[in-house]
Amino acid sequence: MKFHTRFLPLTLGLALSLSAFAQNGDTAFLTARDAFRAGNLNKLEQAIGQLGSHELAPYAENYRLRMWMEKGDPGNLRDFLQRYEGSYVAEKLRADWIRYLGKRAVWNEVDAEFPKLIAPEPDVTCYSQQARLARDDRSVLSEAEKQWLTMLEPPEPCRPILDALVASQKMNADDVWTRARRQVEANRPAWTKTTLNYLPDSQMPDNRSLDSALNNAMSYLVKQGIGNGSRGGRELAAFAIARIAANDPRTAADELERIKGKLHDSERQWAWSQIGLQAAKKHFPEAVGWFNQAGKAPLSEDAAQWKVRAALRAQEWGVVRNTIEAMPAELAAKPEWIYWLGRAQQAGGRTSEGNALFEKIAGQPNFYGNLADEELGRTIVPPPKAKAPSTEEQRAARDNPGIRRALAFFRNDMRTEAVKEWNWSLRGMDDRELLAAADLAKRNQIWDRAINTADRTKNEHDYTLRFLAPYGETVRPAAQNQSLDDAWVYGLMRQESRFITNAKSNVGASGLMQLMPATAKWVAKKIGLRDFSHGRVNDTETNVLLGTTYMRLVMENLDNHPVLASAAYNAGPGRARKWRADRPLEGAIYAETIPFSETRDYVKKVMSNAVYYSAIFNGKADSLKARLGTIGARTADVPKDSDLP
């Protein structure tokens, strides 16, 4: 049956007309995008002519301006930037324009445009610094000094800034070797070589020795040791020790013992710090002792944090306290180190000092905020729910140009662009505006933006938006069938996919529960799921069935402990088992000392998520400490499913 809008109610006819307009505009925009990618300016112009006032018309115009950039006439570009000032599309075009100008050393134009950027990227910032250097603004060098030990892989536009810093003689040979050490620690051998080029020719180690120390470390030490005893020879020997430690800290310690008398204090202490770092990541009990042999050698942020983690596993609370107190202020102010410093103070009998530290992070809706609350005897419950957005607030969110562009991108399955546009549009919003935007995302079933937007509120909150629980008709019965805590299942799903059914990770995990192909196939075979193919893995019911079944299996194979099972879900059951200690370990310490940063963050968030889902589902406070519990000692028990992936 055909429908004719002239016979429909006015509102329905208008809705169909608007829908058709959007559909036609979407088609024109996608044509414009494809024409830009193909470099077809004529086709791009035709598509722009069909876009009219479509939400994504500015992006099509941006494509045209980027193609015109080579013509060197900035008039239209400046007009566009003025019309869309403050928008994401203008920000990106201005950044591209600065890159274009910087490559051509048009420094006066770079100076004019850079201050208008809202969130400049590092390479664009370096073009601005080059422009300032060109007019002899020496304050650039002070900024570069602060980046000397942190910008270990500088973008190409930043290289001239570092060159100028060295040429100004603000950096001496000690500084060059210190930067090179950081690059060795970060496993950046190619950049280590680049940095050492800043040394005077007379102090440069020869390339063959440098390559050998970095790439054939044991062979280098056996054949050359510390060479002729020069600074270069000693430093390369320390580099070789660090490279050996990455795979075998104990062998590295033996080698360092053999040659330590020939090294100066600085080189020897740094080498011990590298052995301690790698041993800590491998949970070797000797790690704290090796760190101690480093004395007061300056530690990188990574090394300082791993020294604390090693001390936590060893229950060396004095080392925990001293190491955190020696951290740079910005690092020590992170919730995890405030919490563990508080625990160290308590362990030393300084209860009031510990409680004062817990007060700093109590109330924060995260893993360490939750733990701090419990240390202070407080329960974890969601705050009072804010009133729902008014009609006017909903309309304002719906009419926000950036959000309209984001929704258009979502409509056209351009998630990456949509998320960037959405997030940009949230800048400067107050709590009421954020809640209205989160509500709009929820009504459009864009679950991840609803969660992330609601997460940003400061004073007024809606935790039913922060902790959305979609697909309840599928997830909760599946959890019950597997005898799983539905709050933990939702806590894990929230972290895995933010409830994006077609989510796919960069390693190939798929769907709501982010199943790896091999895992999905194994579970399907285990439960006798007929006619399973990987093409079905994004089907919601199939994904949840396989995912919750796998959660139960990892629980059964790992002491029925949700912390171990969460780690296993992300990094594999073999690793989760390997990371246990030789004696029972506090669950929070196990989580903090997971070697993989992604898994460490994941486990903390899953467990904190579960506390909030439990409180929302059950209407009463929950305990993170109780959920974390104690991780049993490492055992030689054979797992129930030896082939569990």
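**Charged pairs, a helix and the core**

Arg405 is buried, with a relative accessible area of 9%. Buried here means under 20% relative accessible area, exposed means over 50%, and partly exposed lies in between (1.4 Å probe, protein chains only). Salt bridges that share partners join Arg66, Lys92, Asp96, Arg99, Glu121 and Asp123 into one network. A salt bridge is a side-chain nitrogen of Lys or Arg within 4 Å of a carboxyl oxygen of Asp or Glu.

This is a predicted model: local features need pLDDT of at least 70, side-chain atom pairs count only at pLDDT 80 or more, and totals for chains, interfaces and linings use all residues. Residues are numbered from 1 along each chain as its sequence is written, and side-chain values use heavy atoms, leaving out hydrogens and water.

Back to Arg405. Its side chain meets that of Glu421 in a salt bridge (3.5 Å, N to O). Glu421 sits in helix α26 (residues 415-425) and Arg405 in helix α25 (residues 401-411), so the pair ties together parts 16 residues apart in sequence. Helices are DSSP runs (H or I, at least four residues), numbered from the N terminus. Glu421 is also buried, at 1% relative accessible area.

How many salt bridges are there by this rule? The count comes to 56. One of them joins the side chains of Glu113 and Arg94 (2.9 Å, N to O). Glu113 belongs to helix α6 (residues 107-113) and Arg94 to helix α5 (residues 88-103), so this pair ties together parts 19 residues apart in sequence. Glu113 is buried, with a relative accessible area of 3%. Arg94 is buried, with a relative accessible area of 3%.

Lys193 forms a salt bridge with Asp211, with the closest N and O atoms 2.2 Å apart. Lys193 is in helix α11 and Asp211 in helix α12, 18 residues apart. Lys193 is partly exposed at 30% relative accessibility. Asp211 is partly exposed at 28%.

Now follow α12 itself (residues 207-215). Ser209, Leu210, Ser212, Ala213 and Leu214 are buried there. The buried residues of α12 pack against α10 (173-185), α11 (189-196), α13 (217-224) and α14 (231-247). At the start of α12, a side-chain oxygen of Asp206 reaches to within 3.2 Å of the backbone nitrogen of Arg208.

Last, the core. A nonpolar core is a set of buried Ala, Val, Leu, Ile, Met, Phe, Trp, Tyr and Cys residues joined through side-chain atoms within 4.5 Å. The largest has 204 residues, and Phe239, Trp340 and Tyr590 have the most contacts inside it. Contact means heavy atoms within 4.5 Å. Beyond its neighbours within four places in sequence, Trp340 touches residues including Leu312, Trp317, Tyr368 and Ile589.

Conventions
Helix = DSSP H or I, 4+ residues; strand = E, 2+ residues; numbered from the N terminus. Polar contact = N/O pair within 3.5 Å; in protein donor to acceptor, adjacent residues only side chain to side chain.
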